[in-house]
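Hi there,

Here is the model I promised to pass along. Please open it beside this email, and I will walk you through what turned up.

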Amino acid sequence: NEIIDFSFFEDNIIDVHKHQDIEIIFVLEGSLMLQIGMEKFYMKEGDFVVVNSNKSHSCMAEESFLAASFMIRFQLLSSLLETSQLLFWCNTLEEKNRDYQELRRLMHLILNQYFDQSRNQTKIYLRSLYYQLLHRLIIDHMVYTDHEEKVKEDRKNERMQEITDYIQSNYQHQISLNKLADKMYLSVGYLSKYIKRQLNMGFMDYVNSVRLFHAVEDLLYTDYI
């Protein structure tokens, strides 16, 4: 049930395979050839590559080596980030000018801590390292390709801005959901549910909260009674 699981592997040949989980292949000793799709990467000690979900890949090594495989559970990460568009570009061979030391440090800490799980405190620390690794990977190496979702989010923000601007401008007057729905060319039912979902309160509750705020403001900063 952990969001990250890992194992060591020393097999000289790993046949072509794919899986939904995202994998980080980290070479600890020696060298190996990693093939992802049609691309080949000749990895040596300290190199690591992220293999994205459902990408066909294989490994081959001609001499003794040791590598670690970090498997990131796609379903768990997708649920946490609330998106199924999980794509990473993280390859020490392709981006030699980038600083990968923090990711290396975290992976080495995870490998070291794994062998010292006799105490519950150590298990908690190990779990925290998993999330630190994910955080660094997401911040520095996640690729945002879902432009359509970004457009939808921008439109949603614009719509909420229009709603709140209208209420802020008209709170002193008689205001109705019907009038706002007409103004925005939306049905009353849809707009009512939309406002409740976005603001966690109904239309009139929000209007009254705005009126109350301004009433308190008047009492605090003016002589108005």
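How are α5 and α6 oriented to each other: roughly parallel, roughly antiparallel or roughly perpendicular? Before the answer, a word on the ground rules. This is a predicted model, in which local features need pLDDT of at least 70 and side-chain atom pairs count only at pLDDT 80 or more, while totals for chains, interfaces and linings use all residues. Residues are numbered from 1 along each chain as its sequence is written, and side-chain values use heavy atoms, with hydrogens and water left out.

**The helix pair**

Helices and strands here are DSSP runs numbered from the N terminus (H or I of at least four residues for helices, E of at least two for strands). The axes of α5 (residues 177-184) and α6 (residues 188-199) come within 9 Å and cross at roughly 100 degrees. The two helices are therefore roughly perpendicular to each other. In these terms, under 35 degrees is roughly parallel, over 145 roughly antiparallel, 65 to 115 roughly perpendicular and the rest oblique; the axes are lines fitted to C-alpha atoms, for helices over the stretch in contact, with angles from 0 to 180 degrees between N-to-C directions.

On the α5 side, the contact (heavy atoms within 4.5 Å) is made by Leu177, Asn178, Leu180, Ala181 and Met184. Val188, Leu191, Ser192 and Ile195 make it from α6. Seven of these residues are nonpolar, two are polar and none is charged (nonpolar covers Ala, Val, Leu, Ile, Met, Phe, Trp, Tyr, Cys and Pro; charged covers Asp, Glu, Lys and Arg; the others, Gly among them, are polar).

**Salt bridges**

The model has five salt bridges, counted when a side-chain nitrogen of Lys or Arg is within 4 Å of a carboxyl oxygen of Asp or Glu. Asp5, Asp21 and Arg73 are linked in a network of them.

- Asp5 meets Arg73 at 3.5 Å, N to O. Asp5 lies in strand β1 (residues 4-9) and Arg73 in the loop between β8 and α1 (74-81), so the pair ties together parts 68 residues apart in sequence.
- Asp21 meets Arg73 at 2.7 Å, N to O. Asp21 lies in the loop between β2 (13-17) and β3 (22-29), so this pair ties together parts 52 residues apart in sequence.

Asp21 is buried at 18% relative accessible area, whereas Asp5 is partly exposed at 39% and Arg73 is partly exposed at 26% (buried is under 20%, exposed over 50%, partly exposed in between, with a 1.4 Å probe and protein chains only).

Elsewhere, Asp140 pairs with Arg136 at 2.8 Å between the closest N and O atoms. These two are four residues apart in helix α3 (residues 120-141), separated by about one helical turn.

**Nonpolar cores**

A nonpolar core is a set of buried Ala, Val, Leu, Ile, Met, Phe, Trp, Tyr and Cys residues joined through side-chain atoms within 4.5 Å. The largest has 32 residues, and Ile24, Phe70, Leu77, Phe88 and Leu133 have the most contacts inside it. Its largest share, seven residues, comes from α3. Not counting residues up to four places away in sequence, Ile24 touches residues including Phe48, Phe70, Met107, Leu133 and Leu137. Apart from this core lies another, of 18 residues, among them Ile163, Ile167, Tyr171 and Ala181. Ala181 is also one of the α5 residues in the contact with α6.

Best wishes
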